[in-house]
Amino acid sequence: MEALKLISFTSTHHHHHHHHQPPWTAGDGTAGVPSLPPALRLPFHNPTSPPLRPLRLRLLPHPPPKTTIPKYHPLSILHPISRLPHPQGPSALPKNIDLLRLFSSSPTPSKNPTPKTPILSQDFIPNLWSLEFHNHWKHWVLSHDAISIESSGSLCGFRGNQKVGLFKVGSFMHNVEKRLFEYGYVAKSMWVLFRMKDVSLSELELVLTSSSKVYRICTVYGLWFNEGDDCLYLVFERKNVTLFDSIAVASDDIQFDVSGLGLIGMELCESIIGLHEAGLVSGCLSLSCYCIDEFRHVFIDLNEVLMVRSRLQKMITDSVSVAQNDDGKRLAVDSINDGLEIHMFPSPELLVQFLKKEGVVDLESAKSTFLIGYSSDVWSLACILVLFLAGKSFVEETHNFLFGYIHSLINGNDNDCEELYMAWLDKVSGLLDVKLGSDYVLVKKLLNKCLCFNPGSRPLLMDLWKCFRELIIEPKFDLMGSLQEKKVTNESKCHCLLLGDLSWSSNKTDKVDDENGMMNHLKGEKLVVEGDVVEGFRKDSLVCTDVKGHLDCVSGLAIGGGFLFSCSFDKTIKVWSLQGLNHVHTFKGHEHKVMAVAFVNKEPPLCISADNGGDIFIWDIKVPFEEKEIKRLNEGKDWRYSGIHALAVSDSGFFYTGSGDKSIKAWSMHDYSLSCSMIGHKAVVSTLAVCDQVLYSGSWDGTIRLWSLNDHTPLAVLGEDAPCGSVLSLAADAHTLVAAHENGSIKIWNNDVPLNSVSRNTTSIFSIFMEGQWIFSGGWDKTVVLQKLSSDESGVDVTQIGSIAGDSVVTTLLYWQGRLFVGHADKTIKVYSFEG
């Protein structure tokens, strides 16, 4: 059993008070862990270790003193239904509990029953993004009249008299019927930004700030929302002349001028160095990506770089369509004459990664797989320079090679890829020999090196720049040659635009499906996610988002109304948007540690929170959020007990609290009065669950009790015959009951039949959640475990699917719409999703 490293132990006895446990904390810094049963409160000390120094520690909730629990309870405290004989013994659920599902859900029949209302009303307008999010992005949003669109409807506009390029970032929602409010221009822009994934926002910010960092990138003006098509666009400066426009390359009769090659080579190198200084990489540059200003300097047009993806995708699509017909060469020739005359040159490693991202083939084991880096742009640059020298014949040879290379990759022929490359390089060398002769051996050698298949063997851009400069001026006359070189950022941190989310935005921009509008989404509480966290466990492909804001241990989580609610020992309840996990509001008012939180699906929607001082707060969930609660209740002051530990809400008009005074209390949702107290447990009621007109309660006495939601009478007692220590968490559905215990075991009842206990580990499991056949659990060992409950003719089996090791004790967790939300003792909430 994993030993607890306790760094101190103090105990103070007062004649007029009886505390349930001494103050303590774990040696790994996980103070503030939810209250534990007595078995985990024993001090451990190694006689050989240095003496322990007393520390002032934060008190945890008080568990009860050790109590001797009788093996059999007096039958007088049980409802007669619990005394029915059962062949499985006292731990089996009585079969006639199923009859409760036929009864009315209302304990007190009403002559005029209230019809069930939808979760949200029309005037419920969520403030989905935080003020910080708004302030961070608003200065990038241009005014609505800053851009005018060409009448042709193309993706070109004007900023005054200056032509600009537009690149679509995302679109606003559609088909919202009977909307009682209207988003403004800036709000629509924020809406689109808020729906984007975090990685997309990071890339967007990188593009927006690039032109302000370096000189050789065309200015990025900002973001503009086109109310004509409800789309948000990036706005780029657009020079009047592109490199493709200014240089004739269609003929083999180009007159080669060495000084001209030197000048254009230097300009191209400087523009790409600027791109790299901004931390950006293309991997496939075409002539249209370069533009020229009035001083004949070359700039990178990021709009064109992002647009290259669609042309590259066309090349991939065409290659895939004929891959099995062995017709790659004909396709290459057709493509040269049909749209690829702008001459784009993707590096081999970019093609490999692009195919992988497209999902065309599995390239995990491909020998030709290399990472994208700054040297990927060296390949494209060298191809453009050779194009200036060799003309159209080089274009034909290169596109034949690229299409054949794609064809071989799709068919998994690595050897063919190498043979194609060697044959192509020989032809390129022959073309350079014809154009350069023997006078420019160094230039030829350097260009051949730039076209190396292995990116690590290609020269640096600065070496290329020096070579071209020497074509214009001899080194001995070069007064600028001794200037200190500017080094680009770490290559491991560069970002490839053609593999980023922005260039793929036409397929994968939004986090949610806006087919029926956002208000529909909020009412139905449904998010369309790209994959389920269960799949992430299976494939070991999970992405984690940290949600921070609490100042102490997170003790409970709830979801409803489009929001995540979290309660904490810091005495607050925080509200987070489920869309972007942004902080929306904080409910304050509790004077003690908040132990549990629940969402009430009614009209209007409510949030209920309870603390270990016995206080219950009812909060109205509407925007703007009210600072004050709509109702405050108290279960009664009693210095002997530790307040409320658990909350549960039923559809029968009641919510329930599990308390340190060993009782479960039923509170009316109509007038918030105390309806009754259910007595039976012999220790703290630590967890509650509601399912099919049955209330399940777990206690530190090691038992689980079942209560009828119709009349709040007891039904059965489970766990008396085989105690596994305190019950810390329960989960239930129509056929299965799962209980997590302090000794690390999980007990399962399936279709009323108890299964053998599943021993996950020897440390306490604080929280368990069940979704269909999946069981999520976490606790003292800081690990979240996913298990699968499967059944066949031979019985029911529980198998472990995967686990996530964390840095802090898991205090609470829940699964919702493909995502897993985990609260920790170190104040953080981690949200796991599948990285597909």
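R705 stands opposite V717 in β29. Strand β28 (residues 704-708) pairs with β29 in the antiparallel sense over four bridges; two strands count as paired if DSSP finds at least two bridges between them. Strands are DSSP runs of E with at least two residues, helices runs of H or I with at least four, and both are numbered from the N terminus.

The model is predicted: local features need pLDDT of at least 70, side-chain atom pairs count only at pLDDT 80 or more, and totals for chains, interfaces and linings use all residues. Residues are numbered from 1 along each chain as its sequence is written, and side-chain values use heavy atoms, with hydrogens and water left out.

β28 and β29 belong to an open antiparallel sheet of four strands in the order β26-β27-β28-β29. At its edges, β26 (685-691) and β29 (714-718) each pair on one side only.

Elsewhere, Y215 and F299 form an edge-to-face aromatic pair, 5.2 Å centre to centre with 70° between the planes. Rings of Phe, Tyr and Trp (its six-membered ring) pair if their centres lie within 6.5 Å; planes under 30 degrees apart are stacked, over 60 edge-to-face, the rest tilted. Y215 lies in the loop between α3 (198-213) and β4 (220-226) and F299 in strand β10 (residues 298-300), so the pair ties together parts 84 residues apart in sequence.

| Residue | Ring | Distance from ring centre |
|---|---|---|
| R216 | F299 | 6.0 Å |
| K239 | F299 | 4.5 Å |

Methods. A charge sits over a ring if NZ of Lys or CZ of Arg is within 6 Å of the ring centre and within 35 degrees of the ring normal.
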